[in-house]
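Okay, everyone, thanks for coming. Let me put the structure up and then walk you through a few spots in it.

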Amino acid sequence: MLSISEELKQRCLAGNIPCNVLIELTHRCNLSCKHCFIIQDNRPELSADKIKDILDQLIDEGTFYVGWTGGEIFTRSDCCDILNYAREKGFFQILLTNGTLIDEERADFIKSIQPAGIEISLLGASSETHDSITQVPGSFDKTIKAIKLLVQRGMAVYTKTTLMTLNISEYEQIKNLSTSLGSIPKNIASVLPKISGARDPQQYTISWHERVKYLQGESLKSSFVPADDETSTASLICRAGRIAAAINPHGDVMPCVVFPLVLGNLAEERFKDIWHNKNNRDLKEIRELRESDITQCVSCRSAAFCVRCMGAAFLEYKDFRCPASCSCEEARWKQYQFQSKK
Amino acid sequence: MISFKKYVVRNRDMIWRMVGNEVFIIDKDGTKIHQLNRVGSEIWKNSEGNLTIRQIIENICNHFEITAEEAEKDSAQFIEQMLTQGLVTLTDTPVTV
């Protein structure tokens with residue numbers, strides 16, 4: 001017999017109900033991280049009123065969880081107004097931020113909206129490392145201060161670290177720093193290409209040798225986006241486009257923030273009409289995709305360990321049916337660790 | 001036995017959505033999920049604080065092919081369960097959710 005949460009998930013899958021929606025409030029950011037996958041777009045951002053209207057639409061669509069991401073969400077002066085509206089309307093909110101714009105007043109505000117999760121990017125255990133990645137001096141101190149302010153207020157804070165050649169040697173210290181601050185470390189060892197498909201950020205991907213040296217026996221996140229259950233079970237097909245959706249700052253609806261296949265724009269259409277458009281071939285293909293269709297992956301000997309990111313495949317090859325190099329590496333690593341234990 | 005003159009008010013801390021024809025409710029810390037059947041979902045949707053239990057029962061009779069007696073019994077039982085689980089409260093006067 002299914003648990004109710006599994007029943008909910010199955011119902012959502014059966015009806016393509018977007019119970020998780022990640023909204024990029026802005027692509028503006030006060031940091032300039034070397035591995036960032038965002039490409040600036042000069043189109044205007046959605047207004048706060050429009051975002052509130054979208055939230056109203058999402059209630060009718062069955063969305064429980066809304067993740068807010070950027071850019072840096074707090075560079076928007078109306079960010080708190082939007083988050084407060086989402087709180088009033090009854091959403092589980094997950095905030096993804098670099099923390100540098102969180103002072104005492106904002107920390108109080110964040111506590112008041114009772115987010116289901118807060119993820120703060122922590123890219124090093126020292127200001128030298130962190131600031132060299134963000135390319136903004138002083139960002140490490142501000143991020144640490146934000147973590148402390150939120151933890152002091154009793155909130156569950158996750159630090160999110162993309163492990164790269166630039167910080168892997170500090171892996172243990174990053175983890176210890178996060179724990180000592182009262183937060184929970186989440187680490188991911190994969191780097192995405194840019195939204196344009198450019199591979200520049202992936203130059204920082206750690207080598208196999210570095211994995212063996214620093215990550216032996218470690219549990220890493222496989223998903224680039226916050227999952228509602230965080231159980232990244234092996235699967236060649238993810239939730240994107242089925243029970244997970246994303247909206248960029250310009251109103252484009254996409255399967256996921258890392259899967260920028262534009263399905264429609266909310267300035268012109270309602271969410272419902274985009275999400276349930278039976279004439280959209282891309283959506284149809286995503287939703288009808290079966291593991292057996294992903295021929296290259298099905299026959300892979302690491303398939304049983306793979307949490308394939310359809311977005312990464314799309315970014316790398318403009319085809320979500322392809323293997324994604326970061327997923328392949330992660331699957332091989334998991335298999336290696338599994339076999340090492342035996 | 002609860003009084004049918006009372007108004008039923010949903011707990012604002014509960015987050016709920018219609019998923020297909022049924023209501024799923026998640027408590028605010030995300031740890032407990034409630035799934036309501038179609039009749040329960042209809043009662044839940046009517047629990048905005050502006051209808052008495054008697055009025056809700058009338059609505060249920062209009063929506064589903066059940067007798068008034070069945071609707072009374074099932075609805076009262078269901079509302080009592082929701083009360084026990086903290087999903088709703090009862091008031092003597094109408095309120096706005």
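**Helix α2 of chain B**

So, helix α2 of chain B, residues 53–63, has these buried residues: B:I53, B:I56, B:I57 and B:I60. Buried here means 20 or more other C-beta atoms within 10 Å of the residue's own; exposed is 12 or fewer, partly exposed is in between, and C-beta atoms are placed from the backbone. Helices are DSSP runs of H or I with at least four residues, strands are E runs of at least two, and both are numbered from the N terminus.

Before I go on: this is a predicted model, so local features need pLDDT of at least 70 and side-chain atom pairs count only at pLDDT 80 or more, while totals for chains, interfaces and linings use all residues. Residues are numbered from 1 along each chain as its sequence is written, and chains are lettered from A and ligands numbered from 1 in the order in which they are written.

Contact means C-beta atoms, placed from the backbone, within 7 Å.

**α1 against α2**

The axes of α1(B) and α2(B) come within 10 Å and cross at roughly 135°. Axes are lines fitted to C-alpha atoms, for helices over the stretch in contact, with angles from 0 to 180 degrees between N-to-C directions. α1(B) and α2(B) are therefore oblique to each other; under 35 degrees would be roughly parallel, over 145 roughly antiparallel, 65 to 115 roughly perpendicular, and the rest is oblique. B:V39, B:E42 and B:I43 of α1(B) make the contact with B:I56, B:I60 and B:H63 of α2(B).

**Over to chain A**

Between the chains, 15 residues of chain A contact 11 of chain B. On the chain A side, helix α1, residues 4–15, gives the most, with seven residues.

Now A:F92, which sits in strand β3 (residues 92–97) of chain A. Buried or exposed? A:F92 is buried, with 23 other C-beta atoms within 10 Å. Leaving out residues up to four places away in sequence, A:F92 touches A:F64, A:Y65 and A:A116, plus B:I15 and B:G30.

Last stop: helix α5 of chain A, residues 127–134, with A:H130, A:I133 and A:T134 buried.

Methods
Contact = placed C-beta atoms within 7 Å.
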